[in-house]
Amino acid sequence: MAIVLIFEDDMPLASYWRKTLEAKNHSVYCCAKVQAALEIATTIQPDLVVMDMMIKQDGQFIPEGGLTLLTHLKLNFDGSPSIICVSGYKPGVYRQSTALEIAKHTGVDLALYKPISSEQLLEAVEQLLANK
């Protein structure tokens, strides 16, 4: 099926998404650091990326989050992979919540607010892969 990269700092959630996608025969790679995500993306050339827009390390949001990865993918991949951006921060909750709104304007394929059920994830992935 497809090669999927998951960029998510919540490792139990990333593992849950990984198992959900692997059950549908997708090959899935997970990472929580932007440098690792950049290296993996360059190596595996994913068909689809599921990325958290707001990444925390040591309890603090870091500037090298989803927007950094998104920018790299858009600038450095011909026919870039389909991209699903996710965030747990809805508009008006935190100042950082604007990241998902920004992502929507950068040409991502889909922007979703957490929590995301396995059914929602599978539906989004299958829809985007069918449109490739």
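Because the model is predicted, local features are reported at pLDDT of at least 70 and side-chain atom pairs at pLDDT 80 or more, whereas totals for chains, interfaces and linings use all residues. Residues are numbered from 1 along each chain as its sequence is written, and side-chain values use heavy atoms, with hydrogens and water left out.

Helices and strands are DSSP runs numbered from the N terminus, a helix being H or I with at least four residues and a strand E with at least two. Two packed helices are described by the angle between their axes and the distance between the axes. Axes are lines fitted to C-alpha atoms, for helices over the stretch in contact, and angles run from 0 to 180 degrees between N-to-C directions.

Helix H2 (residues 34–44) and helix H3 (residues 66–76) have axes that come within 10 Å and cross at roughly 25°. H2 and H3 are therefore roughly parallel to each other; angles under 35 degrees count as roughly parallel, over 145 as roughly antiparallel, 65 to 115 as roughly perpendicular and the rest as oblique. Their crossing is right-handed, a term that applies if the near helix is turned clockwise from the far one by less than a right angle, with anticlockwise giving left-handed. In the contact (heavy atoms within 4.5 Å), Val34, Ala37, Leu38, Ala41 and Thr42 of H2 meet Thr68, Leu69, His72 and Leu73 of H3. These residues comprise six nonpolar, three polar and no charged. Here Ala, Val, Leu, Ile, Met, Phe, Trp, Tyr, Cys and Pro count as nonpolar, Asp, Glu, Lys and Arg as charged, and the others, Gly among them, as polar.

The axes of H1 and H5 also come within 10 Å, crossing at roughly 55°, and H1 and H5 are therefore oblique to each other. H1 passes H5 in a right-handed crossing. Tyr16, Trp17, Thr20 and Leu21 of H1 and Ser118, Leu121, Leu122 and Val125 of H5 make the contact, with six nonpolar residues, two polar and no charged. Serine 118 of helix H5 touches Tyr16 and Thr20, residues up to four places away in sequence not being counted. Serine 118 is buried, with a relative accessible area of 15%; buried means under 20%, exposed over 50% and partly exposed in between (1.4 Å probe, protein chains only).

Side chains of opposite charge can pair when their charged atoms come close. The structure holds three salt bridges, each defined by a side-chain nitrogen of Lys or Arg within 4 Å of a carboxyl oxygen of Asp or Glu. Lysine 114 pairs with glutamate 8 at 3.0 Å, N to O. This pair links distant parts of the chain, 106 residues apart: lysine 114 lies in the loop between strand S7 (110–113) and helix H5 (118–130), and glutamate 8 in the loop between strand S1 (3–7) and helix H1 (11–22). Both lysine 114 and glutamate 8 are buried.

Lysine 114 also forms a salt bridge with aspartate 52 (3.0 Å, N to O). Aspartate 52 belongs to strand S3 (residues 48–52), so its pairing with lysine 114 ties together parts 62 residues apart in sequence. Aspartate 52, like lysine 114, is buried. Through shared partners, salt bridges join Glu8, Asp52 and Lys114 into one network.

In another salt bridge, glutamate 22 and arginine 18 have their closest N and O atoms 3.1 Å apart. Both residues lie in helix H1, four residues apart, about one turn of the helix. Glutamate 22 is partly exposed, with a relative accessible area of 36%, and arginine 18 is partly exposed at 30%.
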